[in-house]
Structures are given as C-alpha cells and as structure tokens.
Amino acid sequence: MAVERAVLILAIDTATPAVTAGVVRDGEVLAERVTVDARAHAERITPNVLAALADAGLAMADLDAVVVGCGPGPFTGLRVGMATAAAYGHALDIPVYGVCSLDAIGGQTTGETLVVTDARRREIYWARYGDGVRIDGPAVNAPGDVDPGAAQAVAGSPEHAALFDLPH
C-alpha cells in the first residue's frame with residue numbers, strides 16, 4: 001500500500017504593492033515572506049521565495065507545484081509574478097496554477113464578504129464571496145460605486161476596507 005505524501009506548494013502573489021511568497025503544505029502555511037513595495041516586485045520576489053523556503057527548512061527541489069496570483073492588479077506586478085512562477089515551474093518541471101488574487105483572500109472567508117484591493121486612480125478591485133465562494137466580480141470601480149450587497153464584512157486592503165461601513 002502506497003503512502004500518500006503531502007503536496008508542497010509555493011504560493012506567490014504580486015497583484016498588489018505586497019510582494020508575497022509562501023510555502024504551504026495541506027493548507028497549512030509553513031512560512032511566508034511579504035515585502036510591501038509597489039516598485040520592487042522584480043527585486044523582491046526571488047529573495048522572498050528563497051527566504052520563505054529557508055524559514056520552512058526546505059529547498060526548491062522539494063516543491064510539488066507553484067500557485068500564482070493572476071490579479072486583478074497592475075500589469076507590471078502581475079507580469080513579474082507570472083513570469084517568475086512560469087520560470088520556477090519550467091526549471092523544476094512542476095505544474096503552475098493561476099488563481100484570482102481576490103479568490104485567495106475571499107476563499108478564506110465565512111458569511112458574505114466583500115474583498116477589496118487598490119486599483120489606483122481612486123478605484124478598487126473587488127469581488128463578493130459567500131462562505132468562501134465568489135458570487136460577484138471581480139470588477140474595478142470607484143469605492144462609492146461598489147454595492148456591498150448583503151456583505152457582513154470587508155477584507156483585503158485595510159486602507160480600502162475602511163471606506164465601507166462594515167467590520168474588517
């Protein structure tokens with residue numbers, strides 16, 4: 001009888017000013033590194049990946065897959081994250097999976113929740129979730145044009161979440 005081994009995933013996201021790298025096994029975050037600098041995605045993504053792996057006591061060769069945030073977000077940041085994920089996948093011969101960056105936040109929520117991130121130019125990217133499943137969006141609008149619907153909470157960018165009269 002074969003014993004199943006837990007899948008080790010590298011998760012990276014560059015859809016916001018945060019340059020995020022994390023190592024996950026069976027839904028448990030083993031380590032993560034986040035640098036908030038909207039102009040340093042290319043400079044910080046690989047050091048953050050290597051630091052997260054080191055924090056978890058792992059090496060690149062231990063990875064089974066890469067998950068990358070696909071936005072919505074600014075093109076330059078997204079390009080850095082997706083190109084890096086593709087390069088790791090190719091070099092390590094492991095699969096790469098793209099995930100809506102808002103889903104990575106919204107999938108962790110309960111009840112009806114509005115997830116928002118900065119779209120710049122006084123706009124937000126948003127999507128609405130019901131018990132972790134996207135039910136509306138993603139879209140981009142001015143905050144005043146976003147109807148939170150029946151959302152009981154708002155998640156994502158704290159600065160932009162504060163624009164809504166909901167717990168966050």
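**View 1. Ser157 in the loop between β9 and α4 of the predicted model.** In this predicted model, Ser157 sits in the loop that lies between β9 (153-156) and α4 (158-161). Ser157 counts as buried because its relative accessibility is 17%, and buried here means under 20%. When residues up to four places away in sequence are not counted, Ser157 touches Val116, Thr117 and Asp118. One of these residues, Thr117, belongs to strand β6 and is the subject of the next view.

**View 2. Thr117 and its surroundings.** Thr117, a residue of strand β6, has a relative accessibility of 7% and therefore counts as buried. Once its neighbours within four places in sequence are left aside, Thr117 is in contact with Thr16, Leu102, Ile105, Ile124, Tyr125 and Ser157. Ala15 lies 102 residues away from Thr117 along the chain, and the C-alpha atoms of Thr117 and Ala15 are separated by 9.1 Å. Within the pairing of strands, Thr117 stands opposite Tyr125, which is part of β7.

View 3. Strand β7 (residues 123-130) is mostly covered, with 6 of its 8 residues buried. Strand β6 (residues 112-120) runs antiparallel to β7 and is joined to β7 by 8 bridges, and in the hairpin that these two strands form there are 2 residues between the strands, where Arg121 takes a positive phi near 50°. β7 also pairs with strand β8 (residues 133-141), again in the antiparallel sense, over 6 bridges. In this second pairing, Tyr129 has Arg134 of β8 as its bridge partner. The hairpin of β7 and β8 has 2 residues between the strands, and Asp131 in its turn has a positive phi of about 50°.

View 4. Strand β2 (residues 18-25) is mostly covered, 6 of its 8 residues being buried. Strand β1 (residues 8-13) pairs with β2 in the antiparallel sense over 6 bridges, and the hairpin formed by β1 and β2 has 4 residues between them. On the other pairing, 8 bridges join β2 to strand β3 (residues 28-36), and these strands also run antiparallel. Thr20 of β2 takes part in both pairings, for Asp13 stands opposite Thr20, while Thr20 in turn stands opposite Val34 in β3. Between β2 and β3 the hairpin has 2 residues, and Asp26 in the turn has a positive phi of about 50°.

**View 5. The whole chain, as a setting for the close-ups.** The protein contains 4 helices and 9 strands, which follow one another along the sequence in the pattern β-β-β-α-β-α-β-α-β-β-β-β-α. Its radius of gyration is 17 Å, close to the 15 Å that the globule rule gives for 168 residues, so the protein is as compact as a globular protein of that length. The C-alpha trace spans about 50 × 40 × 25 Å along its principal axes. Of the 168 residues, 40% are buried, and among contacts between residues at least 6 apart in sequence, 48% join residues at least 24 apart. The protein exposes about 9100 Å², of which carbon and sulfur atoms supply 53%.

Note on methods
Residues are numbered from 1 along each chain as its sequence is written. This is a predicted model: local features need pLDDT of at least 70, side-chain atom pairs count only at pLDDT 80 or more; totals for chains, interfaces and linings use all residues. Side-chain values use heavy atoms; hydrogens and water are left out. The radius of gyration is taken over C-alpha atoms; the globule rule is 2.2 Å times the number of residues to the power 0.38. Buried means under 20% relative accessible area, exposed over 50%, partly exposed in between (1.4 Å probe, protein chains only). Contact means heavy atoms within 4.5 Å. Accessible areas come from the Shrake-Rupley method with a 1.4 Å probe; for residues, only the protein chains shown count as cover. Two strands pair if DSSP finds at least two bridges between them.
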